Amino acid sequence: MAQMDIQLKKAFTEMQINKLETTKKINMIDMKCDMVKTGKHKYLLTEKGTSNLDNDTRVYQSVGRMFLLTDVQNMREDLKSKQEKCEKAIELLEKKKEFLQKSLKDQEDGLRELVQQRKEADVAAK
């Protein structure tokens with residue numbers, strides 16, 4: 001019986017530690033997802049802002065610390081590719097978040113099962 005209490009206490013402690021770590025990871029994923037969504041929105045707004053420009057209009061595209069002269073069509077293609085990358089990154093982050101939530105739930109279920117076994121063992125011992 002004392003062995004079971006130690007085992008139960010150890011399982012609770014491990015679960016609490018893992019829950020804290022998983023919660024931190026989920027929060028980080030949420031923050032990254034928000035940042036990517038903000039970037040995607042920025043690209044969308046830029047695309048909308050430049051949609052009324054003629055194709056022969058000279059535009060400058062930001063590359064690191066400098067600006068390159070390019071045409072509107074290349075800039076629009078680049079913006080669309082950046083939006084697609086953002087969408088893929090958001091999907092990946094959402095999948096990671098779902099996996100972490102699922103693993104946390106599985107752990108909690110395992111702990112519930114351990115507690116249930118403990119209760120059944122106590123009832124059988126009496």
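The side chains of Asp-109 and Lys-105 meet in a salt bridge, with an N to O distance of 3.8 Å. A salt bridge here is a side-chain nitrogen of Lys or Arg within 4 Å of a carboxyl oxygen of Asp or Glu. The model is predicted: local features need pLDDT of at least 70, side-chain atom pairs count only at pLDDT 80 or more, and totals for chains, interfaces and linings use all residues. Residues are numbered from 1 along each chain as its sequence is written, and side-chain values use heavy atoms, with hydrogens and water left out.

Asp-109 and Lys-105 are four residues apart in helix α2, so about one helical turn separates them. Helices (H or I, at least four residues) and strands (E, at least two) are DSSP runs, numbered from the N terminus. Asp-109 also forms a salt bridge with Arg-112, where the closest N and O atoms are 3.0 Å apart. This pair, too, lies in helix α2, at a spacing of three residues, about one turn of the helix. Asp-109 counts as partly exposed because its relative accessibility is 32%. Arg-112, at 52%, counts as exposed. The classes are buried (under 20% relative accessible area), exposed (over 50%) and partly exposed (in between), with a 1.4 Å probe and protein chains only.

A further salt bridge pairs Lys-97 with Asp-30, at 2.8 Å from N to O. The pair links distant parts of the chain: Lys-97 is in helix α2 (residues 72-125) and Asp-30 in helix α1 (residues 2-49), 67 residues apart. Lys-97 counts as buried, at 18% relative accessibility. Asp-30 counts as partly exposed, at 26%. In the whole structure, the search finds six salt bridges.

The chain contains two helices and two strands. Their order along the sequence is α-β-β-α. The radius of gyration is 26 Å, whereas a compact globule of 126 residues would have one near 14 Å. The radius is taken over C-alpha atoms, and the globule rule is 2.2 Å times the number of residues to the power 0.38. Along the principal axes, the C-alpha atoms fill a box of roughly 90 × 25 × 15 Å. Buried residues make up 23% of the 126 residues. Of the contacts (heavy atoms within 4.5 Å) with a separation of 6 or more, 67% are between residues 24 or more positions apart.
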